[in-house]
Amino acid sequence: AGSITSSATITGGTVQTASSGARVVLNSSGIAAYDATTQRANISSTGSGWLGASTTLAWTTAGVLTLSGWTAGQYNLTSTNIGLSSAGYSEGAEILLGHATAYASAKIGLRADGSGKLASGNFSWDTSGNVSMAGTFTSTATIIGGVIQTSSGTTYVQLDGATNSIIFRYNNLANDAIVTGYNESGYGTSAGIKISPYLRVESILIDGFGGVIGWGASSVAVVDTYLSRQAAGIFEVWADVAGDVRFGLSGANTPLVELRSVGSDTNPMAQLLKTGLYLGAGGATAVDTNLYRPAANSLKTDDSLSIATRLGVGTDFSTSIRSYIKEATGSIITQLESTTGTPPATETSYMVVDTTTNNTAKTIWSFSMTGSRTYTFLAIVSAGDNTSGNAAGYVVAATYKTNTLGTAIVGSQTNLHTAENVAGWNVAFALSGTTVQLQVTGDAAETVQWNVVMRVYVGLSNAV
């Protein structure tokens, strides 16, 4: 009991305030403090130590402080996947999440210079505010102003809020492709888009500078066929090879369609106007041949028409016949007319097919005469029945005149040819008023078919 006062140095051994329970122990290892049962503090002779518990508040001989899972170094305070560093740290002042000490390995990093990153660097920004992002961006917000650009390289897409434009740059070419909002005169409040200088959609090319639409054979083919504006109201179709076609809608004497061997030719090879089709040699020579519609269901040329192989009229054209015309019975097949004379000399041909079932004369064709005319009729007839095999052939002619004195046969009917193997069949002309009739007679026992080629020749009759 009592106290010990001494100026001596005590070497070795242990000094403690009590043998057990709450006490302080001093020896060569350091100083240790206990409560009733557990050591609560330790100051080591190396300079390290701890208070409360060995992991609650501790420090190393290097001065590194640990506080309940946190480690305090000279320039940083770290724990599992989190770190706070000051300016003296090797990476500079920063806050890290996802890693305690390395910015490159952290999931989130904020640096003192203002740069930083999120989502392991998939979203990052530099000190100038330039943002880099990977992954999908989903937003319901409205982005106003500024520029959005897909790349900082030579090929990119740029959305420019200041000019209301989408800009497409390819390999730093001189002219960017630009899409802008636009309102065309005449479209009121309707907004459209304007594309400059051109648009390529698969095999279609739209050139906003030249007013041209071009087509290629496929999505990867070179465009070789073009449609462009040649002049007001006129389109031009052309290709990379020589030649072009122009068409448009304008006045009666303005070509709707125009074909040139070379686009720069002074004159076309063909023009389609509202008045007809016009053809020429092209180049320095104007069109000189026409084909047009003078009236309903008619076609005419004021020039010459030459057919090298064959001509067919009707639905059953035969390639083995030079001239083939098919018409309904009684219709005019051909008509020839002189350019002089009043009336002009004419020859008109008809085809007639009819049948008889008795021996009574039947009118199978008729012709109305007009004016002061002389008419000569020639009938070439082939007849046959469908049961017995009887047949006959006739060539008959007759001339009639009509004028102010009346209408009458001139002379009599002439039978130029008669061939038959059955009696009683007959072909004859008859006159009823001013109408000339061709009458045929068969027999009562058979159905006879009569095939007739009729020709009518017109001349002048005496006028009184």
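## The largest pocket

Let's start with the lining of the largest pocket: 6 of its residues are nonpolar, 7 are polar and none are charged. Keep in mind as you look around that this is a predicted model.

The pocket's volume comes to about 420 Å³. Of the 13 residues lining this pocket, V131, V147, I148, Q149 and T150 sit closest to its centre. Two strands each bring at least two residues to the lining: strand 15 (131–133) and strand 16 (147–149).

## The largest nonpolar core

Now for the largest nonpolar core, which has 29 residues. The ones touching the most other members are W365, F377, F429, L438, W450 and M454. Which elements give two or more residues to this core? They are strand 34 (346–356), strand 35 (362–368), strand 36 (373–385), strand 37 (391–403), strand 39 (426–432), strand 40 (435–441) and strand 41 (448–460). Strand 41 is the top contributor, with 6 residues.

Setting aside neighbours within four places in sequence, M454 is in contact with T348, S349, Y350, W365, F377, L378, A379, F429 and L438.

## A look at T402

You'll find T402 in strand 37. Is T402 buried or exposed? Its relative accessible area is 6%, and buried means under 20%, so T402 is buried. The side chain of T402 also makes a polar contact of 3.0 Å with the side chain of T407.

Key
Residues numbered from 1 in each chain as written. Predicted model: local features only at pLDDT ≥ 70, side-chain atom pairs only at ≥ 80, totals over all residues. Heavy atoms only, no water. Core = buried A, V, L, I, M, F, W, Y, C linked by side-chain atoms within 4.5 Å. Buried < 20%, exposed > 50% of the residue type's maximum accessible area, 1.4 Å probe, protein only. Helix = DSSP H or I, 4+ residues; strand = E, 2+ residues; numbered from the N terminus. Contact = heavy atoms within 4.5 Å. 1 Å grid on protein atoms, 1.4 Å probe; cavity = no way out; pocket = protein on both sides within 12 Å on 5 of 7 lines; lining within 4 Å. Points joined across faces, edges and corners; volume = space filled by probe spheres on them. Nonpolar A, V, L, I, M, F, W, Y, C, P; charged D, E, K, R; others polar. Polar contact = N/O pair within 3.5 Å; in protein donor to acceptor, adjacent residues only side chain to side chain.
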